[in-house]
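Look at the sequence and the model together.

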Amino acid sequence: MITFLKKYKAFIYGLLIHRILVFILLHFDFIHIDNSSVLANTLSFIFSWLLISLPIHYFSFLKQHKGTSLKLITLIIIILVILINDVNSKIVDNPITFIGLVGVGLFFFSIIAPSYFKKYALVIISFYVLALGYFYYIRVYIDDINSYLQQEKEIKIILTVPFFVLLLIWFYQQWKWLKTVESKKAKAELSLLKSQINPHFFFNTLNNLYGLIMEKSDDAPSVVLKLSDIMRYTIYMGKEDVVSLKDEIEYLKNYIELHKLRYQKRVDIVFNHSQDLNYQIAPLLFIIPLENAFKHGVERLTENAYVYINMNIDKGIIHFDIENNFEERESNETVGIGIDNLKQRLKLLYPDKHKIQIEVKDAIYKLTLKIDTI
C-alpha cells in the first residue's frame, strides 16, 4: 500500500491543490457550486482533479519537454477563463462553456497521448459534432429552458462519458504496454542469467579431455559422450520454459559421472531422488548448487570429500537439498555469481512459490530449496 501511494503521490498532491483552488475560487465568488447537481459536480471534480494531478505525475517528462509544458499551462489558463466567464455570464448551462470544456478536454488528450488521440480522432470529433449539435438544438435553437432541463442530465452524460471511456481505454493500453515491457525484460534477464551458467566447467572438462587423449586413456570416449549430452541439454533444453524433471535429473547424473571420471581421488557422492518424475520444472536450476559443491568443496579438498544430494516431491512441491564439506579457509570466500544467479531466476520464474535456505557451519555447506510446481 505504501509503495502504491509513493508511486501515485502526485494524485494526492493534485487533490490537495484542487481543494485549495476550489476554496479560494468559492471565497472570492469566482465560481458557484450547485449542491443539487450531484452528477455534474462529480464529473467536474474528477475532470479537474486529473487535469491538475497528471502534469504533476509527469513532471520529470514535462521538464524535458518544454513545448508540452507550455501547452498544458495554456490549457489551464483557458479553463480558468472559461469558468470565470461562466460564473459572470449567469446563464444556466452556458453553451459557450460547454463547447469550451469539450474543446479543452480534446486538446488535453491530444497533448498527453497524441498517437492514441490521433488513432480515434475521427470517431471522437464526429461524435462531438453530433452531440454538441443536439445540445445546441435543444439549448439554443428551441430556446425553451424548461424543455432543456428535462433532458439536462442525459445531455451532460452524453457529453462527458466519452472522456472517461477514452481515459479508461488509455489506462488499459498503458497497463498492457507495461506488462509487455515487464515480460520482455524478464525474458531478457532469464536469457542473460542462463548464459552465465557454468561456462568454466566446459573449459575445465575440455582441458581434462585433452589430457586423457594425450594419455590415450580408455575414459576419453566416455568423457566425450557425456560432455556432448551435457552441452546438448544446456544449449537446446536450456532454451525451453520448462522441461521434464526426469530429463533434469538425468542431466545432473551425467554431470556427476563426468566429475567422477575427472578425479583421481576418492569422493563420496550420493544422489537420492524420487521415482515420481512426472513433473515439469524450469531447466538448469539445480546444476548451480551442484556445480558449487564440486568447485568449492570437492576440488579444494585433498581427502574425505563428499557431496550428498536429495530430491523428492510431495504434493507438487519439489524438495531439493545438497550438502558438501569444504576447507575451513573457504568459509569466508565468495561462491561467485552462481547462487545470486539462482536466486534471481527463482524470483523471475517462481515468485512467491519457492524458498531457498543456505547453512554454513563447521566446514559444511548445505543448501535447501523448495519449489511449488503447481
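Is N94 buried or exposed? With a relative accessible area of 3%, N94 is buried; buried means under 20% relative accessible area, exposed over 50%, and partly exposed in between, using a 1.4 Å probe and protein chains only. This is a predicted model, in which local features need pLDDT of at least 70, side-chain atom pairs count only at pLDDT 80 or more, and totals for chains, interfaces and linings use all residues. Residues are numbered from 1 along each chain as its sequence is written, and side-chain values use heavy atoms, with hydrogens and water left out.

N94 sits in the loop between α5 (66-89) and α6. Helices (H or I, at least four residues) and strands (E, at least two) are DSSP runs, numbered from the N terminus. The N94 side chain reaches the backbone nitrogen of I96 at 3.0 Å. Leaving aside residues up to four places away in sequence, N94 touches N85, D86 and S89, where contact means heavy atoms within 4.5 Å.

Next come the helices. Two packed helices are described by the angle between their axes and the distance between the axes. For α6 (residues 95-112) and α7 (residues 114-141), the axes come within 10 Å and cross at roughly 175 degrees. That makes α6 roughly antiparallel to α7, a term for angles over 145 degrees. Axes here are lines fitted to C-alpha atoms, for helices over the stretch in contact, and angles run from 0 to 180 degrees between N-to-C directions. Among the residues making the contact are I99, V102 and L106 of α6 and Y128, L132 and F135 of α7. The residues of this contact divide into 17 nonpolar, one polar and one charged. Ala, Val, Leu, Ile, Met, Phe, Trp, Tyr, Cys and Pro count as nonpolar, Asp, Glu, Lys and Arg as charged, and the others, Gly among them, as polar.

How many aromatic pairs does a search of the whole structure find? The search finds 10, where rings of Phe, Tyr and Trp (its six-membered ring) pair if their centres lie within 6.5 Å, and planes under 30 degrees apart count as stacked, over 60 as edge-to-face and the rest as tilted. The ring centres of F127 and Y128 are 5.2 Å apart and the planes are at 90 degrees, so this pair is edge-to-face. F127 is partly exposed at 34% relative accessibility, and Y128 is buried at 3%.

Terms used. Angles under 35 degrees count as roughly parallel, over 145 as roughly antiparallel, 65 to 115 as roughly perpendicular and the rest as oblique. A polar contact is a pair of N or O atoms within 3.5 Å; within protein, one must be able to donate a hydrogen and the other to accept it, and residues adjacent in sequence count only if both atoms are side-chain atoms.
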